[in-house]
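Subject: Structure handover

Hello,

Here is the structure I promised to pass on. Please open it alongside this message; my notes follow below.

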Amino acid sequence: MVYGMDISNNIYGCEYRNNSVIVFDKNLNFLKRIPLKSPHITSDTSIISIRLYENHMYVMFRRSDYRIQVFSQDGQLLRLVIPSSDINGSFFSLDRIGNIIVADYWANQIKIFSNSSHLIHTISNDNLTED
C-alpha cells in the first residue's frame with residue numbers, strides 16, 4: 001500500500017485490486033472507503049500509488065500501461081494528468097508547487113511534469129556524470 005497524508009494526518013491508502021482509496025485517522029482507525037470513478041478504470045486496472053495535493057488525490061494506475069489521474073475527495077475524476085504514452089513507472093511524487101516526478105523504470109529515467117501535464121525535464125543515465 002502506497003499512501004498519502006492530509007493536513008489532519010489522515011492516511012490515504014490504495015486498495016490495489018478494488019480501485020478504491022481507504023482512509024484511516026492518525027491512530028489507524030478506519031474512516032472511509034472512496035471508490036474511484038473513471039472511464040479509464042476496467043476490471044484489469046489496479047491502483048498502485050496515491051499522493052495528495054491541494055485537496056485532490058493524484059492516483060497512479062497500472063493496467064497494461066500506467067497513467068496518473070486526479071480525483072476529488074469523493075472519488076470523482078477531475079482530469080487525466082499524465083497519459084500512459086508518457087510513463088512506464090510505478091512510483092511518483094509531487095513537489096511543493098505541484099510538479100509530478102515519475103520514476104520511469106522501463107526507460108531508466110526520472111521524468112518531471114508540470115501540474116498541467118507538460119514534460120519539463122528528463123533525467124537519465126546520459127545526464128549523469130561520476131565525480
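**Ile 123 and the strand around it**

Ile 123 is partly exposed, because its relative accessible area is 29%, between the 20% and 50% cut-offs. Ile 123 sits in strand S12. Its C-alpha lies 9.7 Å from that of Ala 103, a residue 20 places away along the chain. Please keep in mind that this is a predicted model.

**Overall make-up**

The protein chain has 12 strands and zero helices. From the N terminus on, the order is therefore simply β-β-β-β-β-β-β-β-β-β-β-β. The chain holds 131 residues, and 44% of them are buried. Take the contacts between residues at least 6 apart in sequence: 32% of these join residues at least 24 apart.

S10 pairs with strand S9 (residues 91-94) in the antiparallel sense, over four bridges. Here Phe 91 has Ala 103 as its bridge partner.

Four residues separate S10 and S11 in their hairpin. In the turn, Asn 108 has a positive phi of about 55°.

Further along is Ser 117, in the loop between strand S11 (109-113) and strand S12 (119-124). Ser 117 is not a glycine, yet its phi is positive, at about 80°. It counts as partly exposed, with 24% relative accessibility.

Is Asn 19 buried or exposed? Asn 19 is buried, because its relative accessible area is 6%, and the cut-off is under 20%. Asn 19 lies in the loop between strand S2 (11-15) and strand S3 (20-24). Its side chain reaches the backbone nitrogen of Ile 47 at 3.0 Å. Beyond its neighbours within four places in sequence, Asn 19 has contacts that include Pro 35, Leu 36, Ile 41, Thr 45 and Phe 61.

Pro 35 comes up again in the strand pairing, where it stands opposite Ser 20. S3 and strand S4 (residues 30-35) run antiparallel and are joined by five bridges. They form a hairpin with five residues between them. Leu 28 in the turn has a positive phi of about 65°.

**The largest pocket and Glu 54**

The largest pocket has a volume of about 200 Å³. Its lining divides into five nonpolar, five polar and two charged residues. Among the lining residues are Met 5, Asp 6, Ile 7, Tyr 12, Leu 52, Tyr 53, Glu 54, His 56 and Gln 73.

Glu 54 deserves a separate look. Glu 54 lies in the loop between strand S5 (46-53) and strand S6 (56-62). It has a positive phi of about 45°, although it is not a glycine. Glu 54 is exposed, because its relative accessible area is 61%, and the cut-off is over 50%.

Best wishes

Technical notes
Residues are numbered from 1 along each chain as its sequence is written. This is a predicted model: local features need pLDDT of at least 70, side-chain atom pairs count only at pLDDT 80 or more; totals for chains, interfaces and linings use all residues. Side-chain values use heavy atoms; hydrogens and water are left out. Helices (H or I, at least four residues) and strands (E, at least two) are DSSP runs, numbered from the N terminus. Buried means under 20% relative accessible area, exposed over 50%, partly exposed in between (1.4 Å probe, protein chains only). A polar contact is a pair of N or O atoms within 3.5 Å; within protein, one must be able to donate a hydrogen and the other to accept it, and residues adjacent in sequence count only if both atoms are side-chain atoms. Contact means heavy atoms within 4.5 Å. On a 1 Å grid over the protein atoms alone, a cavity is a set of points where a 1.4 Å probe fits but cannot get out, and a pocket is an open set with protein on both sides within 12 Å along at least five of seven lines; lining residues have an atom within 4 Å of a point. Grid points are joined across faces, edges and corners, and a volume is the space filled by probe spheres set on the points. Ala, Val, Leu, Ile, Met, Phe, Trp, Tyr, Cys and Pro count as nonpolar, Asp, Glu, Lys and Arg as charged, and the others, Gly among them, as polar. Two strands pair if DSSP finds at least two bridges between them.
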